[in-house]
Amino acid sequence: MDAVATALSLISGEARSLVSRLDRIMPFALHMTMVGAASASLEAQRAIQGHLDKEIDDLRQSMTTLIDWMEEEPAPAQAQKRLAFLKLRFNLLLSHFDIYSDVLVQRSEHEHGIQLAGLDAVASESMQIPGYTGGLPPVLCYLDRGQGAAIRRARTRLPGGGDNPVGLIRMPRERMVGSGIGSSLVHEVGHQVAAVLDLVTALRPKLHGRSRGNPLSAWAYFERWISEIVADYWSVLKLGITSTVGLIGVVSLPVAFVFRIGMDDPHPFPWLRVQLSCAIGGALYPDSQWRQMAAAWEQLYPLDGRTEENRELIQTLLDGIPEFLDLLLSFRPPALGGKSLSDLRERRRSPAALRELGPSVRSGSHGRDLPPTIAIAAIGQARFEGRMTAGRESAFLRELLVEWALRRFNEPSVACPAPEIQRTGEQT
């Protein structure tokens, strides 16, 4: 064969090999080995497999078109250019497959698989929005190393293109020890809820208007941090003091990090973030415990030693919190049909109501019948007030995760379509 024929033969052969490799990508349902109670919800499995099947079918069609075109003996350089582009698409498809494989394969791990299914149940329940009747996306949890959690939200862009069909929540392994796990999990769910209700894009212009172009005003900082503040609001709304205690477990860092103030991080700096969490709790569920917690945090990280400039800025931010929370909690997302964010609070999640649940939850006689986030909130309330030991808290939560995984397996929820939501990247 001459050089042209050889080049075209190489291209055609590689294209046919790629098609053969596409045909060998098995559906997850045929090669995952987890027990039933540890499996991802059918809704999530179908969404993932449907997404991958479409990518595979589209790429196979493009490959077939290329192979057919090769019969016309095009210029080798032009054919190679098209093949190179399709190879990039093929590698991106495999990267998407690996993203979901890494999440699903953990379901086969002893104990971890069941606990992850229990966390799925917690995440799904915590995503329920009082008064909202639209569709909500399925969620899947997985474990990874590191201190912080993160979410790859549903309907956000995957690496290389394409929309993620499910919410993927990465939980740090070190958080799997107590009710603090609920704080991290529900915070990440809060990012998904904020996208569903379009909170961040609606609130930012309001905050920007209040700053009046002053980059050092409290409003300018709140505008920068609003996505994380909204997620913290959702966590406190669902879990009460358990959210704040869990937050402290994450941000209790060396002093230099706790007071690191800058506009390059979407998170409020840790010292103020805890103060904001306490203020949100006090506004939603008034109780003396929030002042107690804020004062305790100041004992752990006193302002002594801060520069005068830092102290002035911190005081400016603290003074701005009440007015900021008035704006935040009075905001009425169009998707809620006239309800404000403060209207989403529920009396059964107040400190008084959680204390009433304490005895039955501590004995284990009632916790299994409660919605997961209320059970976690009641356990965290009891733990905060010294009415439950750390060992009992951890053991009971492990038992509940198994119970919720089994309940979810036996009583699957009715799937509903996910709404179109804003398309940005992973958030922590």
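Tutor: This is a predicted model. About 40 Å³ of space lies in its largest cavity.

Student: Which residues line the largest cavity?
Tutor: Leu119, Val122, Ile181, Gly182, Leu185, Ile376, Leu397 and Leu401. By class, seven are nonpolar, one is polar and none is charged.

Student: And which helices supply at least two residues of that lining each?
Tutor: α4 (112-126), α5 (180-197) and α15 (390-410). The largest share comes from α5, with three residues.

Student: New topic. Arginine 408: buried or exposed?
Tutor: Arginine 408 is buried, because its relative accessible area is 17% and the cut-off for buried is under 20%.

Student: Where does arginine 408 lie, and what does it touch?
Tutor: Arginine 408 lies in helix α15. Leaving out residues up to four places away in sequence, it touches Ala37, Ser39, Ala40, Ser41, Ala117, Asp120 and Ala121.

Student: What about α10, how many of its residues are buried?
Tutor: 12 of its 15 residues are buried, so α10 is largely enclosed by the rest of the structure. Among them are Trp271, Arg273, Cys278 and Leu284.

Student: What covers those buried residues of α10?
Tutor: The cover includes α5, α7 (218-239), α8 (241-251), α9 (255-258), α11 (289-300) and α12 (308-330).

Student: And what span should α10 have at 1.5 Å a residue?
Tutor: Helix α10 covers residues 270-284 and should span 21 Å. Its end C-alpha atoms are 21 Å apart, so the two values agree.

Note on methods. Residues are numbered from 1 along each chain as its sequence is written. This is a predicted model: local features need pLDDT of at least 70, side-chain atom pairs count only at pLDDT 80 or more; totals for chains, interfaces and linings use all residues. Side-chain values use heavy atoms; hydrogens and water are left out. On a 1 Å grid over the protein atoms alone, a cavity is a set of points where a 1.4 Å probe fits but cannot get out, and a pocket is an open set with protein on both sides within 12 Å along at least five of seven lines; lining residues have an atom within 4 Å of a point. Grid points are joined across faces, edges and corners, and a volume is the space filled by probe spheres set on the points. Helices (H or I, at least four residues) and strands (E, at least two) are DSSP runs, numbered from the N terminus. Ala, Val, Leu, Ile, Met, Phe, Trp, Tyr, Cys and Pro count as nonpolar, Asp, Glu, Lys and Arg as charged, and the others, Gly among them, as polar. Buried means under 20% relative accessible area, exposed over 50%, partly exposed in between (1.4 Å probe, protein chains only). Contact means heavy atoms within 4.5 Å. The expected span of a helix is 1.5 Å times one less than its number of residues.
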